[in-house]
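Student: I would like to learn how to read features in a protein model. Could we go through some examples?

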Amino acid sequence: MTTPSPLIPVEDFFGLPTRSRAVLSPDGTQVAYLAPWRERLNVFVRDLDSDWGSPDTAPDDDASPADGARRVTSDTRRNIDSFFWSADGRHLLFLQDTDGDENWHLHRADPARPDEPAADLTPYDGVRLIHAQLDPDRPDTAFVQLNLRRPDLIDLFELDLVTAELTPVAENPGDVITWLRTRGRLLAFGMEDGGDHVLSQWTEGERRTIARFSGADFPFGLVPTVPTPDGNGLWAGSARGSDRTRLVRVDLDTGEQTGVDSHPTSDLDTPRPEADPRYPSSLILHPGTGELLGARYLGARQEVHALDPHFAEVLPRLAELSDGDLAHVSSDVTARHWVVDFTHDRDPGVTWYYDHATGEADRLFRPYPHLDPARLAPVTPVTLTARDGLSLPSHVTLPVGVEPHRLPTVLLVHGGPWYRDSWTYDPEVQLLANRGYAVLQVNFRGSTGYGKAHMQAAVGQFAGRMHDDLVDAVDHAVAQGWADPDRVAVYGASYGGYAALVGAAFTPDRFAAAVSYTGMSDLVDLVEQVVPFARRSAENSYLRYIGDPDDPRQRADMLARSPISRVDDITAPVLLIQGANDVRVARHHSDRVVDALRARGAEVEYLLNETEGHWFINQDSNIELYRTLERFLARHLGGRTGPDARG
């Protein structure tokens with residue numbers, strides 16, 4: 001006899017964390033973190049030795065408690081997601097856009113004057129901050145990349161963090177993708193026709209080519225790219241001459257690559273962390289000296305290599321704090337005091353303080369203390385085999401307390417497609433498992449992290465072998481007996497939303513329902529509408545993998561691989577979820593599918609959010625989204641709904 005796990009409300013999964021993203025100040029005395037204020041995540045600061053058991057906000061919602069917690073931002077419109085200390089700890093800097101338009105602005109808050117309003121340092125309408133690089137030798141300065149002069153060109157500026165004065169440093173001649181300052185050098189990463197990357201040094205407007213990198217082997221350029229402390233080299237991820245991405249040092253005088261570290265079977269964990277603030281960087285650096293401390297590799301579980309004698313002593317002590325994987329890491333400039341958190345499949349995380357001099361360790365907080373890991377479902381890594389023999393690293397999550405036999409199943413497809421699923425806590429996965437669904441996640445061809453050949457096997461395979469991989473994984477789940485072939489839904493966001501629409505339109509007999517969350521329906525439109533500054537860099541991703549719409553033959557093939565061309569073949573119920581301000585996949589990708597399905601009386605639901613973009617950020621948006629999702633799946637697959645979803 002089995003007993004299903006008690007229902008957990010949607011709010012428990014997708015409400016705001018009590019605290020999250022703790023970052024230690026450079027001097028090791030203060031911790032900045034995110035916490036709720038007026039239903040939005042804002043930046044707070046506490047003394048490290050304060051009472052972490054006390055609340056962050058007083059009952060009147062404005063005053064700070066007596067123990068010293070200080071709220072330094074006051075955003076009531078949109079959650080703050082990304083923040084960091086200035087090099088000297090004088091300022092807290094954070095990024096914010098407007099309703100998901102991804103036109104990020106850099107803001108400054110003063111932790112010593114929490115009542116002083118935050119200042120927008122890049123207050124330019126329609127302009128996006130692409131990157132901000134701090135200068136450790138000049139802590140009141142940042143080098144920022146902005147498309148201020150032209151929407152399609154990224155120029156480099158020096159920004160005074162105190163006065164907000166902006167001084168031009170380098171003007172983009174048209175082929176520069178990104179800029180990088182090292183000690184004594186200005187570097188530019190450009191792209192030649194054909195997609196190859198060129199690393200150059202700029203001196204008074206003159207360029208000296210340092211090295212070239214194949215666009216096929218480096219579709220996203222050198223990721224990560226970190227200057228060495230002496231300014232004469234770069235630490236970077238490289239797959240040159242091998243299938244796996246390893247860590248190398250690029251000499252800025254000769255362009256030569258020298259191996260620094262590698263793993264026999266796993267890639268350096270990139271580019272996912274560099275693109276998503278939920279994940280820590282693949283390189284761990286000393287905040288005082290800039291020296292390389294460690295590198296992360298990700299297979300079925302994460303493995304961290306210590307590359308510094310001091311960190312080799314610290315790392316085992318940190319590992320003793322949790323049986324999860326080490327996630328975000330911050331320390332003071334002495335590398336004595338550490339604030340770290342961990343990821344786990346059934347635990348939303350825990351944040352710890354560790355003093356390496358004394359060995360003292362204190363748990364600071366859990367972001368979701370109301371979620372009991374014992375009630376959540378384990379995530380199991382498995383390796384499946386595609387019909388052509390390609391290995392497909394995957395993850396299976398089965399509901400707790402339910403016999404694993406012919407379960408309603410959700411095929412959850414990750415975005416990108418240049419991304420990957422991993423062993424981690426995912427509130428989507430846990431919600432679905434709690435509602436009685438088996439969850440199947442597949443790192444299909446094109447996913448990153450499994451070698452160059454695995455990713456390049458996706459070239460030209462949108463709605464082809466990439467989709468076959470998903471179908472093959474479902475067939476495996478059915479053959480194992482735990483998936484009910486008549487109750488399988490396909491769901492995903494971005495590329496995953498496209499995959500859901502492909503599943504409904506190209507293999508309509510395989511899925512009982514489909515859910516597309518900001519998924520593209522027209523590949524031609526997707527490529528043609530890439531935001532101006534990113535069009536050149538899309539040559540190695542969109543054009544190489546999907547096709548070039550300027551070529552009539554490729555354009556026709558792209559349209560044939562687009563769900564909008566097969567919408568009349570959709571027979572299963574469809575739910576579309578869209579942010580109205582999405583600049584990656586414009587809302588008309590969803591509008592057109594909805595209009596076409598409604599025109600012939602097909603069963604379709606549409607959740608359009610006017611205050612969100614490509615990903616929903618605010619808790620009210622996410623709670624509405626997941627209540628809608630659980631009701632839709634319950635109707636068509638027969639899973640459970642929480643008490644907040646009925647009606």
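Student: Which residue just after H4 takes a positive phi?

Tutor: Gly436 does, with a phi of about 100°. Helices (H or I, at least four residues) and strands (E, at least two) are DSSP runs, numbered from the N terminus. This is a predicted model, where local features need pLDDT of at least 70 and side-chain atom pairs count only at pLDDT 80 or more, while totals for chains, interfaces and linings use all residues. Residues are numbered from 1 along each chain as its sequence is written, and side-chain values use heavy atoms, with hydrogens and water left out.

Student: Which residue caps the N-terminal end of H4?

Tutor: Asp426 does: one of its side-chain oxygens lies 2.9 Å from the backbone nitrogen of Glu428.

Student: Which residues touch the most other members of the largest nonpolar core?

Tutor: A nonpolar core is a set of buried Ala, Val, Leu, Ile, Met, Phe, Trp, Tyr and Cys residues joined through side-chain atoms within 4.5 Å. In soluble globular proteins, nonpolar side chains tend to be buried together. Here the largest core has 54 residues, and Leu411, Leu440, Phe462 and Tyr495 touch the most other members. Helix H7 (residues 495–506) gives this core its largest share, 9 residues. Another core, of 32 residues, lies apart from it and includes Tyr368 and Leu431.

Student: What is the nearest side chain of opposite charge to Arg108?

Tutor: Lys and Arg count as positive and Asp and Glu as negative; His and the chain ends are not counted. A salt bridge is a side-chain nitrogen of Lys or Arg within 4 Å of a carboxyl oxygen of Asp or Glu. For Arg108 the nearest such side chain is Glu116, 4.5 Å away, and Arg108 is buried without a salt bridge. Arg108 belongs to strand E7 (residues 105–109). Its side chain does reach the backbone oxygen of Leu161, at 2.7 Å.

Student: Is Ser330 buried or exposed?

Tutor: Ser330 is buried because its relative accessible area is 10%. This residue lies in strand E24 (residues 325–331). A polar atom of the Ser330 side chain is 2.9 Å from the backbone nitrogen of Leu24.

Key:
Buried < 20%, exposed > 50% of the residue type's maximum accessible area, 1.4 Å probe, protein only. Polar contact = N/O pair within 3.5 Å; in protein donor to acceptor, adjacent residues only side chain to side chain.
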